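Work through the exercises below with the sequence and the structure open beside you. Try each task before reading its solution.

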Protein chains: 2
Amino acid sequence: MSLILYDCATAPSPRRARILLAEKGLAHETVQVDLRTGEQLSEAYRQVNPLCTVPALRTEEGRVLTDNAAIAAYVEARYPDPPLMGVTPEDKAEVASWAWRAEFEGLLAIAEAFRNSSPAMVNRALPGPVDYPQIPELAQRGRARVQQFFQTLDARLAGREFIATERFTLADITAVVAVDFARIVKVGITEQQPHLMRWRAHLAERPSMVL
Amino acid sequence: MSLILYDCATAPSPRRARILLAEKGLAHETVQVDLRTGEQLSEAYRQVNPLCTVPALRTEEGRVLTDNAAIAAYVEARYPDPPLMGVTPEDKAEVASWAWRAEFEGLLAIAEAFRNSSPAMVNRALPGPVDYPQIPELAQRGRARVQQFFQTLDARLAGREFIATERFTLADITAVVAVDFARIVKVGITEQQPHLMRWRAHLAERPSMVL
């Protein structure tokens with residue numbers, strides 16, 4: 001049985017899994033789930049992933065992994081080459097820390113800004129099966145936080161090729177998805193962040209980045 | 001050089017690291033950082049952890065790990081027995097997923113409820129060096145989310161001894177810290193959640209739980 005990725009081509013969360021699979025060189029089938037029409041909330045998709053989110057990954061053994069945390073941990077253990085989460089304890093710590101910060105200070109802040117301001121997201125301030133109303137102050141705060149995080153990333157990347165270790169890792173994946181997704185709330189990287197710009201331009205050489 | 005944990009005995013985030021070190025059987029020194037007086041923002045502590053948060057862990061080699069993500073990844077790789085993050089790829093996925101959910105749907109929701117309502121937390125709606133004002137709606141939403149998450153945990157624990165796998169893992173640590181910390185926003189587990197109550201009562205037999 002081949003790997004199946006439940007995906008949505010336009011969304012940032014499944015992009016993390018797409019890049020991960022590509023960097024591991026893992027062939028897989030793709031099933032598109034249309035978030036614009038609410039297909040993730042359909043009865044059919046609930047049977048696949050009760051969390052009503054993408055990505056989900058069906059393994060070769062038929063088990064469904066329902067979030068990026070599970071997918072990254074599984075793929076790294078099951079298909080260890082090339083390593084994307086560090087090899088030494090010290091490197092594993094750096095990858096875990098920067099991937100966590102890129103998620104919490106980056107992606108989550110952007111999601112707060114977007115979901116709490118977009119007319120398309122009324123009552124969808126959080127993903128998943130439960131509706132939550134928008135909180136406009138949270139949209140403002142999210143934009144401030146992601147700008148702060150881009151400063152953090154820029155400082156980190158001074159004199160460095162990649163964010164966490166000497167090689168490309170999961171931290172770079174989560175961070176690049178955040179950087180690119182931030183455009184949706186009109187936050188971009190600028191000449192004030194030269195290290196971040198250099199890193200993003202250098203990553204563009206990787207085939208996985210077009211995914 | 002011995003392990004040094006920068007800790008605060010009354011706070012939930014460093015409790016995660018305290019329990020982790022105890023479950024691994026790792027002796028260490030402790031340095032208390034007084035969050036009530038803002039010691040985490042002092043110049044001296046910034047030299048240790050520029051993120052101004054606890055926990056931080058100084059390794060035997062003298063490197064400082066500045067968040068729970070780094071600490072867990074490092075400790076699991078450097079001191080693998082007993083394993084707390086799963087052994088098989090499938091178990092690693094379950095631990096990663098449930099630890100992530102306990103953090104985002106549990107701890108983060110409680111922190112939102114507490115930091116956005118407590119008079120002691122005015123302008124401290126997020127941890128770290130940057131001040132953010134409180135958002136009252138976020139306090140309400142946080143309480144609703146953590147109640148929702150406790151329902152999720154209760155359903156997961158039906159017929160199970162531990163949250164992620166057949167043995168105690170990091171997911172149990174993060175979840176028990178969330179369950180206990182929720183009291184601060186007056187959310188408790190009740191007879192409506194019999195599986196969650198049984199799990200918490202059973203965990204009480206572990207020496208690490210008094211930490």
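Predicted model: local features only at pLDDT ≥ 70, side-chain atom pairs only at ≥ 80, totals over all residues.

Residues are numbered from 1 along each chain as its sequence is written, and chains are lettered from A and ligands numbered from 1 in the order in which they are written.

**Exercise 1.** Find the order of the strands in the sheet of chain A.

Solution. 
- Step 1. Helices (H or I, at least four residues) and strands (E, at least two) are DSSP runs, numbered from the N terminus.
- Step 2. Two strands pair if DSSP finds at least two bridges between them. In chain A, 4 strands form an open sheet with mixed pairing, in the order E2-E1-E3-E4.
- Step 3. Strand E2 (29-32) and strand E4 (64-65) of chain A are the edge strands, each pairing on one side only.
- Step 4. Strand E1 (residues 4-7) and strand E3 (residues 56-58) of chain A run antiparallel and are joined by 3 bridges. Leu5(A) has Leu57(A) in E3(A) as its bridge partner.

**Exercise 2.** Describe how H4(A) packs against helix H6 (residues 170-181) of chain A.

Solution. 
- Step 1. Axes are lines fitted to C-alpha atoms, for helices over the stretch in contact, and angles run from 0 to 180 degrees between N-to-C directions. The two axes lie 8 Å apart, and H4(A) and H6(A) pack at an angle of about 15 degrees.
- Step 2. Angles under 35 degrees count as roughly parallel; H4(A) and H6(A) are therefore roughly parallel to each other.
- Step 3. Residues are in contact if their C-beta atoms, placed from the backbone, lie within 7 Å. Among those that meet are Trp98(A) and Leu107(A) in H4(A), and Val177(A) and Phe181(A) in H6(A).

**Exercise 3.** How do chain A and chain B meet, and by what turn can chain A be laid on chain B?

Solution. 
- Step 1. Chain A gives 24 residues to the contact and chain B gives 25 residues. On chain A, helix H3 (68-78), helix H4 (89-115) and helix H5 (136-157) each supply at least two residues of the side that touches chain B. The largest share, 7 residues, comes from H4(A).

How values were computed
Contact = placed C-beta atoms within 7 Å. Parallel < 35°, antiparallel > 145°, perpendicular 65-115°, else oblique.
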